[in-house]
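Dear colleague,

I am handing over the structure below, together with some notes on what turned up in it. Please read them with the coordinates open.

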Amino acid sequence: METPNFLRTIPLFSRLDDVELQRFADLTREKSYPKGSVIVFEDDPGDSLFIVREGRVKVVLIGEDGREVILGVLGVGEHFGELSLIDDQPRSAHVIAMEETNLLVLRRDEFRRRVEANPAVAWSLLVELARRLRRADAKIHGLALLDVPGRIARLVLDFAQEGGSETIEKPLTHQTIAHMIGASRETVSRTIRDFQIQGLIRVERRRISVANRSALKQLAQARL
């Protein structure tokens, strides 16, 4: 897919006309990262917006003891680094390639010039930031008030909703899920197995499918 057409699939740019899309496309450059490589480090200067063209990345915090907490997993068409486009502050987390990944990179100064020329992009950015804030609030709510089965149920439903399908196309290891919900891998594995036995989900080649949406919703709304 040509870069302007690819940008059109991204909500941040979807309101732009062909001419403006081409202008943004001309400003981007493509960079490739092998699996496991660190794309940005926490506290790095924030001077670019990154858009996933191919592959997947994870946004993580790493404690002094080496413990990893995954804030999010981003796939094709998703982006990161938008906060630094606004406040000039350092990166708030590490971003690591989960597989071989190609990114489109748009530098802050060039992005700002285009935004000043086309306020529609600024509005789209505000909408995207509001969406991410709501997701962060929901995640905090889940970590504070849900038990592990409830957290996993909510994660499965959220990923399915994002993909618009009952099957989560992003393969998720039990370790990745554990890092996302603040639980041990063993507990996640046991819960996933219980969900399969109960007929709540199906798992094939690390791809999870929703089998009983109403039951998962009930778990995701339960309280500790």
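Is phenylalanine 80 buried or exposed? In this predicted model, phenylalanine 80 has a relative accessibility of 6% and therefore counts as buried.

Phenylalanine 13 and phenylalanine 24 form an edge-to-face pair, with 5.1 Å from centre to centre and 65 degrees between the planes. This pair links distant parts of the chain, eleven residues apart, with phenylalanine 13 in the loop between helix 1 (3–8) and helix 2 (18–27), and phenylalanine 24 in helix 2. Both phenylalanine 13 and phenylalanine 24 are buried.

The rings of phenylalanine 50 and phenylalanine 80 are stacked, because their centres are 4.9 Å apart and their planes stand at 10 degrees. As phenylalanine 50 belongs to strand 3 (residues 48–54) and phenylalanine 80 to strand 6 (residues 79–80), the pair ties together parts that are 30 residues apart in sequence. Phenylalanine 50, at 6% relative accessibility, counts as buried. Ring pairs also link Phe13, Phe24 and Phe111 into a cluster, while the charged end of arginine 53 sits over the ring of phenylalanine 6, 4.8 Å from its centre.

Elsewhere, strand 9 (residues 201–204) and strand 10 (residues 207–210) run antiparallel and are joined by four bridges, with isoleucine 201 opposite valine 210. The two strands form a hairpin with two residues between them, and arginine 205 in the turn has a positive phi of about 55 degrees.

Finally, Trp123, Leu126 and Val127 make a nonpolar surface patch of about 320 Å², and tryptophan 123 is located in helix 5 (residues 119–145).

Definitions and conventions. Residues are numbered from 1 along each chain as its sequence is written. This is a predicted model: local features need pLDDT of at least 70, side-chain atom pairs count only at pLDDT 80 or more; totals for chains, interfaces and linings use all residues. Side-chain values use heavy atoms; hydrogens and water are left out. Two strands pair if DSSP finds at least two bridges between them. Patches are made of residues with over 30% relative accessible area and no salt bridge: like charges are joined within 9 Å, nonpolar side chains (Val, Leu, Ile, Met, Phe, Trp, Tyr) within 5 Å. Accessible areas come from the Shrake-Rupley method with a 1.4 Å probe; for residues, only the protein chains shown count as cover. A salt bridge is a side-chain nitrogen of Lys or Arg within 4 Å of a carboxyl oxygen of Asp or Glu. Rings of Phe, Tyr and Trp (its six-membered ring) pair if their centres lie within 6.5 Å; planes under 30 degrees apart count as stacked, over 60 as edge-to-face and the rest as tilted. Buried means under 20% relative accessible area, exposed over 50%, partly exposed in between (1.4 Å probe, protein chains only). A charge sits over a ring if NZ of Lys or CZ of Arg is within 6 Å of the ring centre and within 35 degrees of the ring normal.
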